[in-house]
Amino acid sequence: MPVHVPPLSRRQFLAGGLAAGAALSAPGWLSAATKPAEEDLFLLLADIHIPEHPEKAHRSVRSSDGLKQAIAQALTLDKRPHTAIVSGDCAFRTGEAADYRALSGLIAPLREGGMPTHFSLGNHDHRQHFLDAFPDALAANANVAQKLVAQKHVAVIETAKANWFLLDSLNRTNHTPGLLGPSQLAWLSRALDARPNKPAIILAHHNPDPLLKTVGLIDTTALFQILEPRKQVKAYVFGHTHRWETAVLDGIHLINVPTTAWLFDLAQPRGFLTTRLLADRAVVTLHALDAKHAKHGQTVELKWRG
């Protein structure tokens, strides 16, 4: 479910009482808005799993601390991303209303820093509870085309170098597999056909699951039957697995965004990605929360297919 949270002015930020939960000690966040944003640089997050109470831990990880650290790092980068996109699982486990209220405070530095933030919800999220916490999330945005398709929210974010197509793979809260469904896939076909002349990046929460192990996207085959012949489609971005890796499926780059919360594989990094779009490729960089991790700073160039 793509929803779009606009930036805040300093006055809105302070008047709304968000400062109390917004990691005020994070270095550099107050000056982030004075840095020029890089139009083609994007901040990608996934699986942030925010609980109501910040001290709550799972697998010895406080996920609220992980998101705070990731935001602090992102706002002190030499090059400031223009836009943030979160690929689902925003709430801790069952999409409680209080989880999203806590998330609202935690992401306030991004908004006050001038960074629009887009969310695609995952299997641990709840649509209405999210919208209740972010009443301005569906406000009109000049470069976002958003609509409701069979009770799922879809959107296109138009940027200079690519169009981002945000899909809704949330099938049922706290139920692992994801599903797009025929109506959403039909919308995607039409939306892609209406925009043939610019690279297209598809984003949802669930990982492609072509072997139908029923832990990822159930209708993976139907999705890629739409994506593969439309040569403007260059990449599919997702979370869900709590991993960082890239691969290629049917000529389309797969970008698995890491988690800022707990890991299933302790060798994996926790962190976030920055993605710079060029005319013929994307340059993706991993920013691990642990600067000593072997993959911290790893950069991958993904050349677009013809």
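Buried denotes a relative accessible area under 20%, exposed over 50%, and partly exposed the range in between (1.4 Å probe, protein chains only). The views below show a predicted model, in which local features need pLDDT of at least 70 and side-chain atom pairs count only at pLDDT 80 or more, while totals for chains, interfaces and linings use all residues. Residues are numbered from 1 along each chain as its sequence is written, and side-chain values use heavy atoms, with hydrogens and water left out.

**View A. Salt bridge between Arg 276 and Glu 38.** The two side chains meet at 3.6 Å, N to O; a salt bridge is a side-chain nitrogen of Lys or Arg within 4 Å of a carboxyl oxygen of Asp or Glu. Arg 276 belongs to strand β12 (residues 271-277) and Glu 38 to strand β2 (residues 37-45), so the pair ties together parts that are 238 residues apart in sequence. Strands (E, at least two residues) and helices (H or I, at least four) are DSSP runs, numbered from the N terminus. Arg 276 is partly exposed at 25% relative accessibility, and Glu 38 is partly exposed at 24%.

**View B. Salt bridge between Lys 161 and Asp 40.** The closest N and O atoms are 3.0 Å apart. This pair links distant parts of the chain, 121 residues apart: Lys 161 lies in the loop between β6 (152-158) and β7 (163-166), and Asp 40 in strand β2. Lys 161 is partly exposed, with a relative accessible area of 28%, whereas Asp 40 counts as buried at 14%.

**View C. Salt bridge between Asp 168 and Arg 127.** Here the closest N and O atoms are 3.1 Å apart. Asp 168 is in the loop between β7 and α6 (182-193) and Arg 127 in helix α5 (residues 127-133), 41 residues apart. Asp 168 is buried, at 0% relative accessibility, while Arg 127 is partly exposed, at 22%.

View D. Arg 80 is buried yet has no salt bridge. The side chain of Arg 80 reaches the backbone oxygen of Gly 113 at 2.8 Å.

Technical notes
Lys, Arg positive; Asp, Glu negative; His and termini not counted. Polar contact = N/O pair within 3.5 Å; in protein donor to acceptor, adjacent residues only side chain to side chain.
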